[in-house]
Amino acid sequence: MKALILVGGFGTRLRPLTLSFPKPLVDFANKPMILHQIEALKAVGVDEVVLAINYQPEVMLNFLKDFEAKLEIKITCSQETEPMGTAGPLALARDKLVDGSGEPFFVLNSDVISEYPLREMIEFHKAHGGEASIMVTKVDEPSKYGVVVMEETTGKVEKFVEKPKLYVGNKINAGIYLLNPSVLDKIELRPTSIEKETFPKIAAAQGLYAMVLPGFWMDIGQPKDYITGLRLYLDSLRKKSPGKLTTGAHIVGNVLVDETAKIGEGCLIGPDVAIGPGCVVESGVRLSRCTVMRGVRIKKHACVSSSIIGWHSTVGQWARIENMTILGEDVHVGDEIYTNGGVVLPHKEIKSNILKPEIVM
Amino acid sequence: MGSSMDEKVVAVIMVGGPTKGTRFRPLSLNIPKPLFPIAGQPMVHHPISACKRIPNLAQIYLVGFYEEREFALYVSAISNELKVPVRYLREDKPHGSAGGLYHFRNLIMEDDPSHIFLLNCDVCCSFPLPEMLEAHRKYGGIGTLLVIKVSPESASQFGELVADPVTNELLHYTEKPETFVSDRINCGVYVFTPDIFTAIREVSSQTKDTGNSATLRRVSSVEALQPATRNSTDFVRLDQDILSPLAGKKQLYTYETKDFWEQIKSPGMSLRCSELYLSQFRLTSPQVLASGDGTKSAIVIGDVFIHPSAKVHPTAKIGPNVSISANARVGPGVRLISCIILDDVEIMENAVVTNAIVGWKSSIGRWSRVQACSSLKSLTFKCFCLVSLNNHEPGSILCRSQAEGVYNSKLGVTILGDSVAVEDEVVVISSIVLPNKTLNVSVQDEIIL
């Protein structure tokens with residue numbers, strides 16, 4: 001079975017992290033974002049994943065060779081020379097997605113994190129016999145997104161309404177599709193939108209069905225949602241495989257610590273913390289609601305909350321990092337420094353306090 | 001050293017490396033700072049072409065720790081163009097300004113030069129190198145520094161020095177002092193005899209012997225975490241480790257320039273330095289500058305450089321102080337003042353760009369406006385020279401940005417990174433926009449990541 005992951009553009013909303021790595025390779029819960037999706041696809045029997053990208057293919061391809069070997073799945077890239085929108089990349093990758101078997105293929109959006117109930121989706125798709133299935137998720141503020149109006153019992157999609165001013169429904173497109181190869185015949189090789197052009201066509205022909213996504217869903221393309229997403233992810237991990245979470249006297253709530261990380265005495269870690277490979281957390285440190293990426297050192301008595309600490313950075317003794325501070329790669333925060341929402345580009349030293357949210361170039 | 005006229009001279013230009021110079025972001029995100037265009041040429045081109053005027057110049061070395069491939073194309077092109085051998089030497093790790101020179105001493109001495117020039121690539125000045133060499137020969141010391149007089153308030157940002165008014169000997173040197181020492185500062189341009197290598201070696205062996213740095217300083221945890229190079233013996237800084245100790249020993253002399261001098265540390269300064277070099281072209285090579293009166297070509301005011309491949313509509317009005325790079329397209333009715341327009345930029349009808357740097361392949365929509373401060377008046381250089389928020393010079397036009405954060409004092413010039421699209425009728429004021437963004441609403445005093 002095949003799958004396409006829409007990786008797309010420059011990841012500018014996730015800067016400064018994406019100044020060091022292309023977005024799909026930015027770690028989330030101690031794993032590159034795209035690995036979460038590739039693993040979920042492998043688990044339902046997908047043997048080839050195509051990445052639709054238009055940025056830094058060389059960097060991606062290097063990493064992918066690693067994953068290919070470890071996961072025993074074939075990974076190829078389909079490179080857009082101009083942005084092709086949300087449907088164009090499917091047409092571009094047509095040859096790779098159609099293998100003559102007639103099997104449907106998955107399309108995933110790389111920014112999205114969820115439980116990936118792909119097996120259930122395959123069942124749903126077979127049952128309704130339509131041309132295309134999409135996952136939808138319930139949100140509180142549907143007018144921010146594209147709302148999918150559907151029949152409650154069968155899931156048959158009536159129409160899409162982009163950012164509706166009046167309430168038409170509370171289910172939005174979750175960015176996970178399962179499509180029959182015949183859908184590719186409906187997509188021209190030009191920049192096109194799957195929600196505005198392709199799906200409405202299929203819905204009009206009564207061939208599009210929507211399944212409500214069980215479990216959590218988050219678009220982690222920007223730092224605020226990344227941090228919320230980690231909480232949802234760890235919550236789900238507690239329910240599904242609690243063994244992966246770390247426990248101990250110094251742990252509160254859901255915490256994920258890589259086995260190569262070291263944590264000192266007298267720390268209090270959690271809730272909703274992920275600590276990556278090779279990290280050193282010295283004694284007396286308080287961490288909550290934060291992501292600590294590979295190779296970070298957090299010195300004694302420091303306190304970090306609701307923030308993201310980028311690869312190989314250091315946080316000085318007694319430093320306090322909070323309120324959506326995002327440190328890029330190789331950022332060094334001096335002792336006793338306070339940062340409130342600072343967004344710091346890679347390779348910087350922070351020697352004075354950042355009292356209110358500010359971008360440090 | 002004899003004063004024979006066929007003694008060779010080698011020039012070394014320090015270009016730095018990628019982890020240094022974060023002050024030049026966002027322009028340095030996609031291009032090494034030394035290659036950023038100033039007055040239509042890469043920054044490093046200006047010291048290189050100044051070196052060409054040195055009699056008996058044998059070789060120019062660019063020393064830095066960027067990857068070789070970043071300089072490969074440039075170095076071969078410039079060697080051909082100027083007919084002088086230019087070579088890029090990569091340091092495996094930062095050795096400091098003197099350490100870098102010492103590290104490559106064998107290569108430098110290969111041509112058996114009688115004199116070695118050392119220049120910093122991000123210095124903007126008239127580079128009076130032949131005159132410096134002549135003065136150095138007369139003084140007979142091991143080195144001569146280019147110095148300039150600045151305002152007492154701004155002197156503390158640099159290396160301050162005291163020179164004997166008669167003999168021009170360097171009597172005292174101190175880097176970025178907290179109290180006032182002198183209003184003469186070190187320009188970062190030097191000429192040495194090969195004895196300088198002995199002086200550097202003596203300093204490094206002294207550090208080996210004493211085992212620790214001469215001054216006692218609290219080392220913050222951040223510094224202690226730096227790679228060992230900083231504290232090791234082969235990191236030697238020219239200013240603190242060589243010039244300071246040798247001052248007053250009849251070894252070092254000074255040569256004063258009365259022309260302009262700036263350091264290109266921030267993107268805003270690159271605009272100011274572009275202006276200085278363009279006005280220098282007016283004197284030395286006026287044919288390089290553009291001209292026009294609106295009939296066959298656009299109206300040009302003041303010093304303007306337009307690359308031959310750029311297309312500028314005759315109804316546009318350009319200048320003063322504008323540089324337009326290769327393949328840029330400037331549409332009808334566009335007004336450009338004090339700006340740098342990089343390669344492949346498209347500026348559409350009736351747009352206005354002032355006090356800005358527009359990055360490669362960006363596009364500026366119709367009737368949009370990209371500017372720095374709220375007034376359209378051309379800014380004096382005092383505005384650009386502001387580095388710390390404490391500089392209050394009476395009489396200078398106050399158009400600093402309103403940002404309060406310590407880190408944002410560079411918002412005097414609007415900077416658009418590569419491939420930024422400003423849509424029609426959008427206004428961008430005093431902002432910095434990182435590459436690959438599209439602005440469809442107006443912004444002011446913002447950094448757009």
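Begin with chain A, which the domain assignment, an automatic or database one, divides into domain 1 (2–219) and domain 2 (228–359). This is a predicted model, in which local features need pLDDT of at least 70 and side-chain atom pairs count only at pLDDT 80 or more, while totals for chains, interfaces and linings use all residues. Residues are numbered from 1 along each chain as its sequence is written, chains are lettered from A and ligands numbered from 1 in the order in which they are written, and side-chain values use heavy atoms, with hydrogens and water left out.

**Chain A: between the domains**

Select both domains of chain A, whose C-alpha centres lie 31 Å apart, and display the contacts (heavy atoms within 4.5 Å), where 16 residues of domain 1 meet 26 residues of domain 2. The two domains of chain A bury about 1700 Å² between them, 72% of it on carbon and sulfur atoms; buried area here is the accessible area, with a 1.4 Å probe, that two parts lose on being put together, summed over both. Next pick A:P16, A:L17 and A:N30, which supply 33% of the area that domain 1 of chain A buries against domain 2 of chain A, more than any other three residues.

Then turn to A:E115 and A:K240, whose side chains meet in a salt bridge at 2.9 Å, N to O; the rule requires a side-chain nitrogen of Lys or Arg within 4 Å of a carboxyl oxygen of Asp or Glu. Across this interface of domain 1 and domain 2 of chain A, the rule finds one salt bridge.

**Chain A: an annotated span**

Select residues 251–360 of chain A, which an unreviewed UniProt entry annotates as "domain: Mannose-1-phosphate guanyltransferase C-terminal", bearing in mind that such annotations may be inferred rather than shown by experiment. The end C-alpha atoms of this span lie 32 Å apart, and the span is 0% helix and 42% strand, with helices (H or I, at least four residues) and strands (E, at least two) taken as DSSP runs.

**Chain B: between the domains**

Move to chain B, where the assignment gives domain 1 (9–265) and domain 2 (268–448), and where 26 residues of domain 1 are in contact with 27 residues of domain 2. The area buried between these domains of chain B is about 2200 Å², of which carbon and sulfur atoms give 69%. Select B:P26, B:A39 and B:E262 to see the three residues that supply 24% of the area domain 1 of chain B buries against domain 2 of chain B, more than any other three. Across this interface of chain B the rule finds zero salt bridges.
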